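Subject: Structure for you, with notes

Hi,

Here is the structure I promised to pass on. Please open it alongside this email.

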Amino acid sequence: MDLLLLMVAVVWGSSYLAAKTLTETVGVTVILSLRFLITTLALALIWLVGNRRRPGRRETLVGVVLGLTQAAVLLLETQGISGTSATNAGLIISLVIVFTPVTESIAFHVPLPRMVFVAGVVAVVGVCLLVSGDGFAAPTLGDLLVLAAAVVRSIHVTAVSGLTRGRGHSALNLTLMQSAVCAVVYSAADHQGVLHAVHSFDAGEWMGVLYLGLACSVFAFLVQTWAIQQTSASRASLLMGTEPVWAVLIGITIGREALPLPGIAGAALIITGTYLGLRSETRHRAATSPAKLDAVGTP
């Protein structure tokens with residue numbers, strides 16, 4: 001089980017390089033459209049085989065709202081990846097682990113332990129070093145877009161918690177509806193580009209899209225849902241929280257991206273800050289609530 005959760009972290013960490021490679025040939029909305037058309041088809045087949053529970057009116061509305069926020073997150077993230085390195089993107093987006101407790105605290109008026117804020121400062125300093133290159137410099141537009149994606153994702157995760165907790169909604173139904181909304185939004189944005197890509201993609205490009213749709217979305221969602229039922233959400237979150245480590249390793253080894261010394265120091269601070277923030281928040285939540293912790297992943 002732990003190995004499967006680590007595999008989720010690996011595929012999510014590798015998704016940045018896969019998306020970065022594809023953005024060099026086609027537009028961002030085309031990639032996202034094909035990815036979520038594949039994801040939606042696969043989830044629909046799973047729904048037909050194993051669920052077939054029709055969503056109610058409120059569940060449908062929640063699924064559509066969360067689909068729109070998810071679409072915004074992935075558009076910012078993927079557009080940002082096209083303008084920065086996969087290594088930077090994987091590290092910066094991991095700040096969502098620090099941002100989410102803050103947005104939850106604001107939304108639900110829940111006090112946070114001081115260590116969460118300390119972890120946030122450490123991680124932000126890390127980002128400053130990461131984007132500085134060989135010396136202090138302004139971040140690229142791509143870096144800023146990925147940072148914006150981390151903020152919006154923290155809002156999305158908080159919305160998921162607030163709109164679904166204790167409602168008995170089906171996780172599969174909600175994920176299927178979110179994927180369908182993303183597929184519709186991205187396809188409508190550039191339907192001509194999608195049709196052109198379908199006819200012009202070579203085997204390598206199709207492999208990249210299938211990897212994003214099936215491995216990074218469907219596989220990761222199913223494993224995460226199953227694993228959280230078998231172990232604690234805290235353990236699952238800590239294992240999947242290794243995602244930025246894998247993003248760095250894959251970006252440097254397979255993507256042949258380079259990190260200068262300030263970038264290495266920044267990466268270390270980001271990973272340290274997100275880890276400290278995650279541990280502090282999960283311990284605080286476990287101490288203040290006897291209920292099972294929630295864990296929300298990203299398809």
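Below are my notes, from the overall picture down to single residues.

First, the ground rules. This is a predicted model, so local features need pLDDT of at least 70 and side-chain atom pairs count only at pLDDT 80 or more, while totals for chains, interfaces and linings use all residues. Residues are numbered from 1 along each chain as its sequence is written, and side-chain values use heavy atoms, with hydrogens and water left out.

Confidence
The mean pLDDT (the predictor's confidence in each residue, from 0 to 100) is 84. Of the residues, 87% reach 70 or more. Residues 290-299 are the stretch to watch: pLDDT there is below 50. That stretch still has 28 contacts in the model beyond near neighbours in sequence, a contact being heavy atoms within 4.5 Å. Where pLDDT is low, the predicted coordinates should not be read in detail.

Overall
The protein has 13 helices and zero strands. Both are DSSP runs numbered from the N terminus: helices are H or I with at least four residues, strands are E with at least two. Of the 299 residues, 52% are buried. Buried means under 20% relative accessible area, exposed over 50%, and partly exposed in between, with a 1.4 Å probe and protein chains only. Take contacts between residues at least 6 apart in sequence: 90% of them join residues at least 24 apart.

Helix α4
Helix α4 covers residues 86-93. Eight of its eight residues are buried, so α4 is largely enclosed by the rest of the structure. They are A86, T87, N88, A89, G90, L91, I92 and I93.

One partner is helix α7 (residues 141-164). The two axes come within 9 Å and cross at roughly 30 degrees. Axes here are lines fitted to C-alpha atoms, for helices over the stretch in contact, and angles run from 0 to 180 degrees between N-to-C directions. That makes α4 roughly parallel to α7. The cut-offs: under 35 degrees is roughly parallel, over 145 roughly antiparallel, 65 to 115 roughly perpendicular, and the rest oblique. On the α4 side, N88, A89, I92 and I93 make the contact. They meet D143, V146, L147, A149, A150 and R153 in α7. These residues divide into seven nonpolar, one polar and two charged. Ala, Val, Leu, Ile, Met, Phe, Trp, Tyr, Cys and Pro count as nonpolar, Asp, Glu, Lys and Arg as charged, and the others, Gly among them, as polar.

I93 is worth a click. I93 lies in α4 and counts as buried at 1% relative accessibility. Its C-alpha is 5.0 Å from that of A150, 57 residues apart along the chain. Not counting residues up to four places away, I93 touches Y16, E77, V146, A149, A150, R153 and E243.

Helix α2
Now α2 and α3 (residues 57-81). They pack at about 125 degrees, with axes 10 Å apart. The two are therefore oblique to each other. V28, T29, L32, R35 and F36 of α2 make the contact with L74, L75, T78 and Q79 of α3.

L34 is found in α2 (residues 28-50). At 4% relative accessibility, L34 counts as buried. Its contacts, leaving aside neighbours within four places, are V194, A197, V198, F201, W206 and V209. The C-alpha atoms of L34 and L195 are separated by 9.8 Å, and these residues are 161 apart along the chain.

Best wishes
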